[in-house]
Every structure is written in structure tokens, then in C-alpha cells.
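Please walk me through this two-chain model in plain terms. I would like the backbone details, the packing and the chain contact explained, with the cut-offs behind each term.

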Amino acid sequence: MSDDAILSGIAEVAHRHLDWQGPFTPEMRLVEDLRLDSVRMMTLAIEVENRFRVLLDEADEGRIETVGDLVAIVRRKLGV
Amino acid sequence: MSESPQTLIDYLERITGRPDAGLRFLDRGEKAHQVGWAEVRDRARAVCGGLQELGVQPGDRVALVFPTGLDFFAAFFGTLLAGAVPAPLYPPVRLGRLDEYLRRTARMLEVTKAALVLADARVKRILGESVALARPRLGCRTLDELPRVEGRPVTVAPSDLALIQFSSGTTVDPKPVALSHRAIVAQTEILNGFWQDTDALRHSCVSWLPLYHDMGLIGCVFPALSREAELTLIGPELFVARPALWLRAISRYRATISPAPNFAYGLCVHRIADAEMEGVDLSCWQTALNGAEPVAPSVLRAFVDRFAVWGFRPEALTPVYGLSEAALAVTFSSIHERFRCLRFDRDALSRGVAAREVADGREIVSVGRPVPGFRVSLRDEAGRVQPAGRIGRVWIQGPSLMDGYLDDPATTARALCDGWLDTGDLGFFHPPDPTGELFLTGRAKDVVILRGRNHAPDEIERAVDGLPGFRTGCAIAASWLPEGAEGELLVLFVEVSRTAPQSELAALPERCREAVLTATGLAVDRVEALAPGTLPRTSSGKLRRQEALRLYLAGALTPPQPVTPLRMAKAMARSGIAYARFRWSRPVDTPHE
């Protein structure tokens, strides 16, 4: 799966489960730009896991600050 | 066992191993993993042996960091069997900033004086920094890393500590509540009194509440254990992402009891699609407890309106009031009748007088009457009993009060007085005597309550220190339940610097929101930038949070002006002596700049 496909998958999750309407790019920061509080962060984590059928790891998760970081982790988990 | 149980261990020892009861853990695909109570006990015994071999002594504190799962139960009850005291801490928030989490956890370990940390393998991998900072005597282990040795029975007295429960404040002002076996058993029996099993009906419970939360652990786990009943658990993060899992589980397992804070009922209304409710029948749900944060009338009605079509019974919704310091429940509204929302005269409420009902008044939910064994008394600031019909501080007395805040006699002495606990909440009785129902109007204590969790305002205020244009140390965070709102709003008052350029001032509210979100994971609903010296302070210069909120809600949070006799007279007429005193006692110019 390409980075673009992963990005659009995450964008779909954000749109569907977090009501995100605006642009969605790898540079965007989860907290500052997407405005995710802790409850919405949980939702994003779970729904990304559901969407890609991967399990994220707490140790990786703590270092995710941007959408691009999340894409990279999902790619690694998918082994592509 | 024929005698009545005195400790949590007594509950564990009298398990008979019923095949039809126990824990059921649901995963995200709604697959169930079932574990009988006898297996929980056996796993706990194994953990107990390991802990003893490791060197855990009776009275040692053991911190537990686990997601919802069987390991939490083995660790929790194993710790108790070894005569040690479990302190459940929360696991990392999904996608949260790790540095913040590790710092908080280190602080909680220090305050707990934990001898050992037991953690899930995934959590343990990231806990290194916290453990290095707090240096528990026996380090950090997973359950698999414990020695495999037969445990030795330890005698535990009802007065021994059974649980360290963090209520609010984790970094700045941690207040771990110390609860004895006696208190927890008393609370468990109180709760069981509300849902007694009969031959025709054995109650069962579904919960997504975190196990480090009092309503999850004391409200759901101990009653189920003590009655050897069925308890279905869902991870809190699964509920938050897919609230329908909760209602579907209640329906599928024909649960009779399920509690949650106000926000959860609102989340269901907004986030569950009709398609997710296909085949769901909520008619089995007898008691939908709603507590742990102020209850919004609009949410109760919206939930009934939305889910009645799937069999939800309006009389199931039961607003309750409780707090960690009382182990849990203090008052219950009737579990058989529909919740009661009454409207009270706003002007009277603002004057501290309650009882008048008016058609267009402020709507407040009844949280009912004291649970058996509890008494509620309304007091003034000096602790004197208020005359009938006045709003007062809610003082409580009952068999499940905490021993105190852990290792903190000074804070304990401020909360506990002659066997009474000053909750810091404000309320009144209606009808206006102690046999009336309790209605809560607000808080005198400094605590922010959001989504069922308490937060120390200091942590929110500290997040904005150092922002350009802001006067460091001059911020107040407060939350309240506005009329008609579905939950508490978080407001941040910040005083701007007199010398800040316009560009900094314009950007300040946004920067404050970002800083708080980053540091605490909380979204600020409103930022109010104020002129220097606007926030009320005590004579020693300490910020007065509840007074700031009161003035703000009265539209009176304005910059100080020179005090003239005429202005003073007007102020007294408007808001009474207290307001005038506050203006006198506060410096008129701004020594903090």
C-alpha cells in the first residue's frame, strides 16, 4: 500500500469518525492542527487500527506528532 | 462462609466457582473472552506468591498499570492477598504525548511511595523513565516476570488499607485517596442493597469504565465479585471510538445495571447510527446510573428520546452523586422512578437561597437522597449547619469514608472534621429540610470536571506559563455546567501583559488553547483575555478561582477601578458585602507585573 493510499485511508477515518472537514496533509500536527483532545486521539488510534487491521504500539504512538508520522507507522506495521 | 465479609479478601475466599458467572472481556470485534471468578482467585493467588518471593511486605504499596483485562484482576487481588495495597494508575492515552505521561506517572509513583510497579508488557516497555525517576524499591515487573512460588496466607484487618485511588491532580497537587477494606466492603454492600438477586433474576453489569476509576472498580467490580455475579467489560478506548459497543453489549448479555458519567450518554446520542442498533433491545437495562460528573437535564432527555425506540426505559436513568473520598456513592435518586429535573428561581440561587420553584428558572437534576448509612448536612464556610432553605457546602458522613489522603495529614484535616467529610460541593435540599432531595448547584472546591474525570486546575494553568503577551502565574482554569449545555465547559481566564504588542494579544487565545491541548489533552472551550489585575485574589495574592467564575457568570469580571465611596455603595447594593470585601482586599494596581 502506498503512502498516498494510507494517507487517504487516515483522512477517511478523520472525516468519518472525527468530523474533520478541512484539508488533510502529512505536515499537519494532530494536536495543534487537527485539534484532537485525548478522547478524539483515542478514537483516531482505534479507528486507524480498525481501518488498516494493524495494532499500534504505545512506544511508537508516543512519538507520533504529525499525520505523516502516523502514515509512516502504519506503513511499517503493514510491512510495506 | 456464614459470617458477613469484612475485607475484600473475604469476598475472594468465598467464591464457589459458579459456572454461569464471572468476567467477560469484549474485544473490538465484540468477541467475548470469559473467565470465572474462581480462575480470577487462582490467578491472584499465583501473583501473591510471586510478590512475596520478590520481597513485597504487608502494607507495601504496589502500583498497577494495566489496560482492561484479566491481568489487572490478577495483579489487583494478588497484591491484596499479599497484604499489600494496590494503587491502580492509568495506562498511556492512545497517541498521547509520552513525555507528559511519563512525568505524571513518575509523580504518582513517588506520592504513592510504591515499592513495586506491576505493568502490562507493552506498558512496561515505555515506563522505564518513570520508574527510573521514582525508583520503586523492587522495580517494575510484568506478571510473567514474577517468581512462581506458592503464596503464604497473610492476615488482613478490616482497618488495613485496601486501595489507593487517585481522585484529581497528578503532577501539581496529587490527592490519592486512601480507602480501608472496611470502607470498601461497606460501600459494596450499600450498592448491592440496590440490586438484590432473586431466584428469578440475577443482576448482571456491563461497564466500559476504566478500572483505575472509582466508578469502574468500586462501582462495578466489587459488587460483582461479592455476589459472584456476571460482569462484562469493554476497554474505555473501544467505547470512546464506538459507543454502540456499550449498548449492544447491554442488549446481548441482558445486563440489568450499567453506570457511566453524563458525557457517555451524550456521546451515544451523537455518535451512534441507527444501523449500529439493529436488533438491539435495551428493555433489560433496569438501572442506568449517571454520576461522576454533573448531570445535564438536556442529556437525560436526549438519551431517552433517542433510545426509547430500542426499548430503553426512561425510569432506568438514575442520577447519582458520589466521590472517591466516600469510596463512591453518597446519594441515589430513586432507581424505580423517572429522574426529576426541577426549575429554581435564578435570583434566589445567586443569593444562596434555594427552595423556590419557578416555571422559567434554572433547571437542576435531583441526585436523590443519601444511600443507606449516609447522612448529608449543608454547612456554611465555617462548618456551621445552614438554616433550612439555604445553599450550603455538602458535608457527608457514612460508613465508607476514606481514611484520608495518603500520607497527607494536613490536607486530610481540611477535608475531614469530627467524622464528617466536607466534599467542597454546593447544594440544597428540596423540600428544604434534610429529608428532601439533594440538588447540586456548583462547587466551592477548585477542581475541573470533564468527561467524568477530575483535573487539578493548576495543571491547566501551568500550561500557558511563558506564552508571549501573558502575565505568568495570572491564569485561572475553571469549569461549570451552563444551563442547557450537555456537559461542563472549560474556561481559561488569562491576564494579558500591559506592555504586550497588539499582535501578541491577538494570538494569545489561540496559543493558550494549543498549549493546554498539548500539555493536558483537554480542549478549552473559552479563553477570556483580561486586563492586568482583573482576576480576584486573596489578601496574600493567591488567585480565587471560584470567585472568578462566579463574577464571570454574573457578568462582573471587569478590570479593577479606583474605589470611591459611591462605587462602593453600588457594589454593595449589587452583590452584597462579600463582593465589596473582595474589592477592598485586592490591590487596585498591579504589583504582579
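B:Asp418 is exposed, because 7 other C-beta atoms lie within 10 Å; a residue counts as buried with 20 or more other C-beta atoms within 10 Å of its own, exposed with 12 or fewer, and partly exposed in between, the C-beta atoms being placed from the backbone. Its phi is near 50 degrees, a positive value in a residue other than glycine. B:Asp418 sits in the loop between strand S20 (416-417) and S21 of chain B. Helices (H or I, at least four residues) and strands (E, at least two) are DSSP runs, numbered from the N terminus.

This is a predicted model, in which local features need pLDDT of at least 70 and side-chain atom pairs count only at pLDDT 80 or more, while totals for chains, interfaces and linings use all residues. Residues are numbered from 1 along each chain as its sequence is written, and chains are lettered from A and ligands numbered from 1 in the order in which they are written.

B:Arg451 also has a positive phi, of about 50 degrees, although it is not a glycine. With 20 other C-beta atoms within 10 Å, B:Arg451 is buried. Its loop runs between strand S23 (448-450) and strand S24 (453-455) of chain B. Another backbone feature is the cis peptide bond between B:His430 and B:Pro431, with omega about -5 degrees. B:Pro431 lies in the loop between strand S21 (420-430) and strand S22 (437-443) of chain B.

Chain A has four helices and zero strands. Its C-alpha atoms fill a box of roughly 30 × 25 × 20 Å, taken along the principal axes. Of the 80 residues in chain A, 31% are buried.
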